[in-house]
Amino acid sequence: MDFEHKSVMPGEVLTALDVKPVGIYLDCTLGGGGHAKLIGERLSERGLLIGLDQDDAAIKAATENLSGLTCAVRTVRGNFIDLDKILDDLGIDKLDGVLFDLGVSSHQIDTAERGFSYMHDAPLDMRMDRRRNLTARDVINGYEETRLIKIFREYGEERFAKRIAAAICRTRKIAPLETTGELAELIERTVPRTKHGGHPAKRVFQAIRIEVNGELEILSDALRKAVGRLKIGGRVAVITFHSLEDRIVKETFKQLAQGCICPKNFPVCVCNHKAEIKILGKAQAPAPTEIEFNSRANSAKLRVAEKIFDARSNSRRENHDETKSYTVR
């Protein structure tokens, strides 16, 4: 099937990044290239757009989607936790903007054989990067009951975590769970369906997906690396889709925006710690008209920050040649 994904809050993202025509921009979650193409259309032939994604299908689709841009374009298959190495390999030091559009893409959900959805019966997979070894089947059939409970509670905020984990362990003693349909049916039999809570398997599937892909454990570190690569005045924009992601982004931004970290009882500052970023406003939500058009935007939040201090150069100002043409190795 074609790689289809409706980009969430496209206008807000462009405003947030304040795209400069000769700038260098990194989309850490390229997907089908929807956001990236909008950014690229604002770049001149001397600008550079870098797209990063761990999904081979996304890289293939985005490379084709971005082929008509006049700016330089480089797509890389990889995980955003490795953005320092990826940028070093490309010969890029500083960026004008970085975008993270977190979570699972529409294409991944709608492609049944990827095993992300409880609406389609498919092998338990859920790997965004199909080069990884760990699958949803491994988690469901291999993890101890206590570990399943922990994952369902922490990553899915599932109040019936203990009951679901116990049911899984009883069932797999007879035969391994092999498909998303089997797992979804088991959860439906185990957990009462609420009027407004959606499918009872929703939170468990989210939790398993996060565990398989290590989504939350790398997020804060990746954000810090992205900020470290920004030029003074450069911006980072992050779209989240559930409270766990948003909490990490909010806390990381808060820490990076903190100045003095001396104990409160110190009369003067001796730490010389400088805030690296300025948080630009509160989290933004999609407009009601967008949610009506794209229901998957319903839970989205956009947070934006601007780089105000570079720890490496110990400066708040950075001069760069506005006429420079950007090339990649």
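Here is a short chat about a predicted model.

Trainee: Let's start with helix H3. Which of its residues are buried?
Mentor: In H3, residues 56–65, they are Ala-58, Ile-59 and Ala-62. Seen down the axis of H3, these residues fall within an arc of 95 degrees, so they line one face of the helix.

Trainee: And which exposed residues sit on the face turned away?
Mentor: Lys-60 and Glu-64.

Trainee: What covers the buried residues of H3?
Mentor: The cover includes strand S2 (48–53) and strand S3 (72–77).

Trainee: What does Asp-55 do at the start of H3?
Mentor: One of its side-chain oxygens reaches to within 2.8 Å of the backbone nitrogen of Ala-57.

Trainee: New topic. How many salt bridges are there?
Mentor: The count comes to 21. Take Arg-229 and Asp-93: their closest N and O atoms are 4.0 Å apart. Arg-229 is in helix H11, and Asp-93 is in the loop between helix H4 and strand S4, so the pair ties together parts that are 136 residues apart in sequence.

Trainee: Is Arg-229 buried or exposed?
Mentor: Buried, because its relative accessible area is 6% and the cut-off for buried is under 20%. Asp-93 is partly exposed, at 43%.

Trainee: What about the salt bridge of Arg-147?
Mentor: Its partner is Glu-211, with the closest N and O atoms 3.7 Å apart. Arg-147 lies in helix H7 and Glu-211 in helix H10, 64 residues apart. Arg-147 is partly exposed, at 43%. Glu-211 is buried, at 14%.

Trainee: Which residues are joined into a network by salt bridges that share partners?
Mentor: Asp-84, Asp-88, Asp-93 and Arg-229.

Trainee: Now Val-304. Where is that?
Mentor: Val-304 lies in strand S7, residues 301–307. Its relative accessibility is 5%, so it counts as buried.

Trainee: What is Val-304 in contact with, leaving aside neighbours within four places in sequence?
Mentor: Several residues, including Ala-16, Val-236, Phe-253 and Leu-280.

Trainee: Last one. Which residues make the nonpolar surface patch of about 280 Å²?
Mentor: Phe-266, Val-268 and Val-270. Val-270 sits in the loop between helix H12 and strand S6. Its relative accessibility is 53%, so Val-270 counts as exposed.

Note on methods. Residues numbered from 1 in each chain as written. Predicted model: local features only at pLDDT ≥ 70, side-chain atom pairs only at ≥ 80, totals over all residues. Heavy atoms only, no water. Helix = DSSP H or I, 4+ residues; strand = E, 2+ residues; numbered from the N terminus. Buried < 20%, exposed > 50% of the residue type's maximum accessible area, 1.4 Å probe, protein only. Contact = heavy atoms within 4.5 Å. Patch = residues over 30% accessible without salt bridge, like charges linked within 9 Å, V, L, I, M, F, W, Y side chains within 5 Å. Areas by Shrake-Rupley, 256 points an atom, 1.4 Å probe, with all protein chains shown as cover. Salt bridge = Lys/Arg side-chain N within 4 Å of Asp/Glu carboxyl O. Arc of directions from axis to C-beta. Polar contact = N/O pair within 3.5 Å; in protein donor to acceptor, adjacent residues only side chain to side chain.
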